[in-house]
Amino acid sequence: VRDFVMNPETKLKNKVIKYLQSLGSEVWFYKTNDRFRSGILDFILCINGKFYSLELKVGKNKPTRLQEHTILKITSSGGIAQVCYSLEDVKNILHSGK
């Protein structure tokens, strides 16, 4: 029987979900899963009245041009949107509020 091997980005997403769940009522989040609407970032969340959207990437992966456009639209409207390459990136963004 072959073991199921989870890809690195899925592993990172699972770590982020576990971390966000550990924050309890302090955070509302949604893990997007819309393969029919490109450009939507991986996570949409709100913490203490601040809007965040995070795109997770691993290794040398980069956001698509449409994801970059989405990040620009969110940040220009006052939200916080970033590409994160690790759980530490996520924690730093959420705790700095930038």
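Predicted model: local features only at pLDDT ≥ 70, side-chain atom pairs only at ≥ 80, totals over all residues.
Me: Is Phe43 buried or exposed?
Reply: Residues are numbered from 1 along each chain as its sequence is written, and side-chain values use heavy atoms, with hydrogens and water left out. Buried means under 20% relative accessible area, exposed over 50% and partly exposed in between (1.4 Å probe, protein chains only). Phe43 has a relative accessible area of 0%, so Phe43 is buried.

Me: Which residue forms an aromatic pair with Phe43?
Reply: Rings of Phe, Tyr and Trp (its six-membered ring) pair if their centres lie within 6.5 Å; planes under 30 degrees apart count as stacked, over 60 as edge-to-face and the rest as tilted. Here the centres are 6.3 Å apart with 50° between the planes, a tilted pair. The partner of Phe43 is Phe29.

Me: Which residues of helix 2 are buried?
Reply: Helices (H or I, at least four residues) and strands (E, at least two) are DSSP runs, numbered from the N terminus. An α-helix has 3.6 residues a turn, so residues three or four places apart point the same way. In helix 2 the buried residues are Gln67, Thr70, Ile71 and Ile74.

Me: What do the buried residues of helix 2 pack against?
Reply: Contact means heavy atoms within 4.5 Å. The face turned away from the buried side carries exposed Arg65, Leu72, Lys73 and Ser76. The buried residues pack against strand 3 and strand 4.
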